[in-house]
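Thanks for asking for a few notes to go with this protein.

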Amino acid sequence: MNPLESTLNWYSVAPVGEIIDSGRRLFSAGELRLAIFHLEGKWVAIDNHCPHRGGPIAAGEWNGRCITCPWHAAQYDLASGQPLSIESRPLSKLDVRVADGILQVDLDSLRVDDSSEDDGIQRTVVRYGQGGEVGRFGTIHDLNLTRGAQVVVQSHRGIELGVVLQTGGTAGTLRGEILRIATNEDCAAMESSRAKAAEVLELANQRLEQSEVRVQLVEADQTLDGGTVLIYYLGEATEQLGPVAVELGETTGKNVRFQKLILE
Ligand code: FES
């Protein structure tokens, strides 16, 4: 078996040597966004959603055992997962092992601590982005949301538009924060964002054709704040997409990312 393929429960992240220098790697495993850290000689794997409001915790400033979330500056002890500076649930962690020099995480071991007191955050299931991603978003405000309402959310990609699928609930890992109910201006801004994303998609198609990368680009999406363009593709993931994303980013002044579409 290729050691980089997933086993039943153990997902292979990368050879140890690839991560040990930087000490940190963010990665996706299916729908999950995870991160692994080399900390005091041990490996620590966490869900890359801050328990406070779902921010991309692992991209934050990291100093010794302390990681600081880039969204609201909550700090957590990576070793124990406990919050250091804010009322919040602990980080959600996974078991890690090294097998034949490959770092692996047990996806079934993802531990979400829902046992603590109600944190006052209302959780709402939202579909967001052209790719139709679905996740829980939180708010501490009484927005009186109903099913089908359009909302502006802060996701790991930036600020974008979403549609409420289900309201209610105080438990579950958050993908991000609901900022407000979408206004007509937000919806118009999203339309123009999508037009700009289509231009980047066209550029990406031309660039991939030149470099003979064999994936099929199917859709592009730009966040409402205009900072990130996400290009969805079908086909095998390939490292060749990384340099193309960097080049497109330099040409367009945006953060361009390729995201594989997973077919059931
Ligand atoms: S501090 Fe991380 S989402 Fe608020």
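1. A word on the basis first. This is a predicted model, in which local features need pLDDT of at least 70 and side-chain atom pairs count only at pLDDT 80 or more, while totals for chains, interfaces and linings use all residues. Residues are numbered from 1 along each chain as its sequence is written.

2. Confidence, or pLDDT, is the predictor's own score for each residue, from 0 to 100. Its mean over the protein chain is 86, and 91% of the residues reach 70 or more. Residues 1–7 are a stretch to treat with care: their pLDDT is below 50, and the stretch has 8 contacts in the model beyond near neighbours in sequence. Two residues are in contact if their C-beta atoms, placed from the backbone, lie within 7 Å. Where pLDDT is low, the predicted coordinates should not be read in detail.

3. The chain is divided into domain 1 (10–109), domain 2 (122–182) and domain 3 (186–260), with bounds from an automatic or database domain assignment. Between the C-alpha centres of domain 2 and domain 3 there are 24 Å. Their contact takes 11 residues from domain 2 and 13 residues from domain 3.

4. Which elements give two or more residues to the side of domain 2 that touches domain 3? They are strand 13 (150–155) and strand 14 (158–166), and strand 14 gives the most, with 4 residues. Strands here are DSSP runs (E, at least two residues), and helices are likewise DSSP runs (H or I, at least four residues), numbered from the N terminus.

5. Two strands pair if DSSP finds at least two bridges between them. T124 stands opposite F137 in strand 12.

6. Finally, two loop residues are worth a look. D100, in the loop between strand 9 (96–99) and strand 10 (102–106), has a positive phi of about 55° although it is not a glycine. D100 counts as exposed because it has 9 C-beta neighbours inside 10 Å; the cut-offs are 12 or fewer for exposed, 20 or more for buried, and partly exposed in between.

7. E212 has a positive phi of about 55° and is not a glycine. E212 sits in the loop between helix 2 (184–211) and strand 16 (216–222), and is exposed, with 7 other C-beta atoms within 10 Å.
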